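Please brief me on the aromatic pairs and the helices here. Keep it short.

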Amino acid sequence: MSKRLYKIIEIIGVLIIFLIIYRLFPFVNIILKYIFKIIMPFLIAFSIAFIFEPFIVFLEKKKINRKIAIGFIVGLFILILYLLIRFAIPLFIKQLGMLIEMLPDYLNRLEEIIQNITNKFQKLPGNLHIDYDKIESILNEKLSKTIETFTSTLQRSFSYIIQFLITPILAIYFLNDYQKIEQKIKDKLINNKKIVLYDTLSEIKIALRQYVKGVMLVMVILTLAASFCFLVVGIDYAFLFGVIIGITDIIPYIGPYIGGAIVVIFTIVSNPSKVIIILIIIIVLQFLEGNFLVPKVQSKTMKTHPIMVLLSVAIFGELLGIFGMIIAVPLEKIVEIIIKSFIASSTAIHKSI
């Protein structure tokens with residue numbers, strides 16, 4: 001058995017064990033949620049510092065004082081947040097509301113299209129009869145649940161109001177002391193002769209930073225490009241579908257097909273004459289993303305076997321839903337790095353003995 005295949009099997013084993021433990025012991029979920037609620041502001045704040053630290057370092061290399069650099073980054077972040085709240089989010093919500101309102105009409109058109117195809121070919125067996133009323137009922141039920149979940153999430157978010165208020169303050173503190181914190185961790189590990197652990201953490205840091213940078217850049221570029229193309233072509237809800245294309249692309253392998261299928265199906269029922277154009281746009285965007293954009297922004301540190309990626313998406317999707325599918329790749333990479341480090345250290349100890 002090759003070393004690469006052996007490593008894949010080990011990682012699969014770890015992920016499956018984690019999933020089994022999570023399912024067999026429900027109280028683990030309760031404990032994790034409670035712990036997460038307490039440490040959430042610290043995690044968010046440190047994540048913000050982790051993401052923006054390279055920009056601070058870049059400005060420092062330009063002879064800009066760190067505090068001034070932090071002030072500039074915070075101001076830029078507030079400006080981007082304001083623009084999102086002022087323009088992007090309201091537009092997204094407006095188009096989503098319009099789409100939900102028009103959904104019954106679109107479903108009726110889809111029913112007519114399928115019925116015409118059925119009548120034309122006369123080959124659909126009776127046991128495969130499509131119940132359109134049931135499809136509409138299921139879709140309305142799913143949409144209602146989604147809206148209820150979104151509303152309840154907003155309501156629950158008020159219980160986190162203190163955490164949300166202190167998060168920006170914590171983020172500024174983390175940004176200001178990030179290098180000191182990192183240096184203290186480094187000194188502590190080296191002084192205690194835990195070089196392997198330090199190397200592991202360094203590798204995880206590099207991989208995560210590369211992943212975040214790549215994903216954010218690809219998502220923004222695809223969202224803007226898709227929205228612009230859809231707007232030029234003249235389909236409704238161009239920005240909404242552009243966001244869907246950008247977000248679903250984060251999910252490895254299957255994401256682009258999900259986003260593309262949603263847009264194509266909508267175009268079939270709303271403006272059939274433009275289906276070919278929309279299909280060409282989606283294919284071209286995905287070709288450019290896969291062959292030019294991702295290779296430019298993603299490092300080799302994030303290269304992972306497709307089997308591992310799909311398995312991670314399945315497992316973390318089962319555990320955390322859509323959010324789990326989105327973060328499956330970095331989580332899998334962390335597990336892979338830890339296992340690789342553990343094997344390397346165990347081998348070194350064995351040889352020394």
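Rings of Phe, Tyr and Trp (its six-membered ring) pair if their centres lie within 6.5 Å; planes under 30 degrees apart count as stacked, over 60 as edge-to-face and the rest as tilted. This is a predicted model, where local features need pLDDT of at least 70 and side-chain atom pairs count only at pLDDT 80 or more, while totals for chains, interfaces and linings use all residues. Residues are numbered from 1 along each chain as its sequence is written, and side-chain values use heavy atoms, with hydrogens and water left out.

**Aromatic pairs**

- By the ring rule, the count is 9 aromatic pairs.
- F46 and Y178 are stacked, because their ring centres are 5.8 Å apart and their planes stand at 25 degrees.
- This pair links distant parts of the chain, 132 residues apart: F46 is in helix α2 (residues 26–61) and Y178 in helix α5 (residues 161–191). Helices are DSSP runs (H or I, at least four residues), numbered from the N terminus.
- F46 is partly exposed, at 34% relative accessible area. Y178 is buried, at 5%. Buried means under 20% relative accessible area, exposed over 50%, and partly exposed in between (1.4 Å probe, protein chains only).
- Y106 and F266 pair edge-to-face, with 5.1 Å centre to centre and 80 degrees between the planes.
- Y106 lies in helix α3 (residues 66–121) and F266 in helix α8 (residues 255–270), so the pair ties together parts 160 residues apart in sequence.
- Both Y106 and F266 are buried.
- Ring pairs join Y106, Y237, F241 and F266 in a cluster.

**Charge over a ring**

- The charged end of R209 sits over the ring of F50, 4.3 Å from its centre. The rule asks for NZ of Lys or CZ of Arg within 6 Å of the ring centre and within 35 degrees of the ring normal.

**Helix α6 against helix α7**

- Helix α6 (residues 195–233) and helix α7 (residues 238–248) pack at about 145 degrees, with axes 7 Å apart. Axes are lines fitted to C-alpha atoms over the stretch in contact, and angles run from 0 to 180 degrees between N-to-C directions.
- On the α6 side, residues making the contact include M219, L222 and F230; on the α7 side they include F239, F241 and I245. Contact means heavy atoms within 4.5 Å.

**Helix α10**

- Helix α10 (residues 306–320) has 15 residues and reaches 20 Å from its first C-alpha to its last, close to the 21 Å expected at 1.5 Å a residue. The expected span is 1.5 Å times one less than the number of residues.
- Among its buried residues are M308, V309, I315 and F316.
- G321 follows α10, with a positive phi near 70 degrees.

Methods:
Helix = DSSP H or I, 4+ residues; strand = E, 2+ residues; numbered from the N terminus.
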